Amino acid sequence: MKVKAAVKVDIERVELREFDLPATGPDSGLLRVESSGVGGSEPEYYRKPNSAPCIMGHEIVGTVTDLGEAAAKRWGLRPGDRVALEEYLPCWHCHWCRQGDFRLCMEADFFNVKDQFNTLRYGTCNAEIPPHLWGGFGQYVYLAPNAVLHKIPRTIDARHATLAIPMGNGVQWAVLDGGAGLGKSVVVYGPGQQGLGCALAAKVAGAGLVIIAGQTRDQARLDLALELGADVAVNVDEQSLKDVVMAHTGGRGIDVVVDTTGDPTGEIAAEAIELAAKGAYLNLNGLKQQVPIGEIKKRYLTVRAPRGHSYRSIEIALQIIGSGQWPIDKLCSHDFGLDAVHEAVLATAGRGIQGAIHVTVNPWA
Ligand SMILES: [Zn+2]
């Protein structure tokens with residue numbers, strides 16, 4: 001049987017190709033993809049040279065169709081079960097995997113890996129590596145023995161469930177790492193899919209004040225944030241975020257800051273330190289900023305950088321998505337067929353079709 005996938009064949013170029021549906025061994029399986037989300041990192045990967053051929057798409061939701069006996073036992077699954085997949089393909093035997101921190105596994109952590117393109121990971125690896133079906137922008141995905149799966153009920157809309165990873169990042173960065181919870185005040189930079197996930201996770205965890213910051217071009221997302229857990233949305237082109245924070249905290253400053261923008265300038269990191277209350281937790285982004293240790297000491301700050309998600313954070317995100325308590329559908333702004341993966345990825349970057357929040361691909365449409 002032949003199945004279709006959209007293959008990145010060059011920089012910002014994709015074409016539909018057919019692949020043989022692979023046979024499964026005792027410890028692997030096959031997933032019939034229902035929906036794949038376009039991640040916030042996907043436009044950047046689409047532009048990246050020397051990363052083709054590749055079936056992109058790592059926010060994958062589908063139904064298990066084939067399952068080897070050992071795989072069924074290991075995963076506690078049967079054909080017909082629905083799952084959300086994580087992108088990582090960890091080794092399961094290193095120090096980090098044994099601690100449950102498989103995002104830091106030497107095989108899963110891209111800061112350790114020398115040749116990312118030839119390292120197995122859903123949505124980013126070389127499609128020439130058998131059995132080829134390593135990405136969500138295709139009709140089937142190969143379930144490798146080391147895949148990380150989350151069983152989900154039939155009642156969750158597949159497009160909603162593709163938000164497990166961006167929302168899971170929000171749970172991880174704002175709540176599990178940042179400690180956003182009862183009595184805490186939180187600032188989230190960037191109202192993209194991860195930022196909205198942070199705001200919602202913080203509110204679900206009980207944070208008393210959630211402020212989300214964006215720019216004029218983000219206005220629709222800022223408005224949506226107010227329906228998804230944020231108490232205050234600040235357009236930093238029009239308002240001083242520091243003034244808003246100080247007005248809402250009686251001048252004390254904020255307890256938890258998460259930067260989801262990837263800030264290349266260091267301006268957000270510098271401002272975050274100004275916004276911080278004593279003892280605050282700052283989840284800061286970027287790779288080249290200078291860290292002012294003196295300020296960290298004087299203000300007794302904890303600084304970390306957002307780095308992916310844990311198994312627990314994805315489970316919690318799926319609970320939030322499936323709870324029916326939040327207007328998750330409003331995040332799902334666009335759905336494309338397999339022949340429009342190019343448009344889907346560009347829309348996520350605000351190119352071509354405007355107003356995208358979270359975009360999905362239905363490989364059967
Ligand atoms: Zn490992």
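Seven residues of domain 1 are in contact with 10 residues of domain 2 (contact: C-beta atoms, placed from the backbone, within 7 Å). On the domain 1 side, these are three nonpolar, three polar and one charged (Ala, Val, Leu, Ile, Met, Phe, Trp, Tyr, Cys and Pro count as nonpolar; Asp, Glu, Lys and Arg as charged; the others, Gly among them, as polar).

This is a predicted model: local features need pLDDT of at least 70, side-chain atom pairs count only at pLDDT 80 or more, and totals for chains, interfaces and linings use all residues. Residues are numbered from 1 along each chain as its sequence is written.

To colour the domains, select 2-87 + 122-154 + 327-362 for domain 1 and 166-304 for domain 2; these bounds come from an automatic or database domain assignment. Their centres, taken over C-alpha atoms, are 31 Å apart.

Next, select strand E6, residues 140-143 (strands are DSSP E runs of at least two residues, numbered from the N terminus). Tyr140 and Tyr142 on one side, and Val141 and Leu143 on the other, are all buried (20 or more other C-beta atoms within 10 Å of the residue's own, C-beta atoms being placed from the backbone). Leu31 has Val141 in E6 as its bridge partner.

Last, select Ala174, Val186, Ala199 and Ala202, which touch the most other members of the 113-residue largest nonpolar core (buried Ala, Val, Leu, Ile, Met, Phe, Trp, Tyr and Cys joined through C-beta atoms within 7 Å). Both domain 1 and domain 2 give residues to this core, so it lies between them.

How values were computed:
Contact = placed C-beta atoms within 7 Å. Buried ≥ 20, exposed ≤ 12 C-beta atoms within 10 Å, placed from the backbone. Helix = DSSP H or I, 4+ residues; strand = E, 2+ residues; numbered from the N terminus. Pairing = 2+ DSSP bridges.
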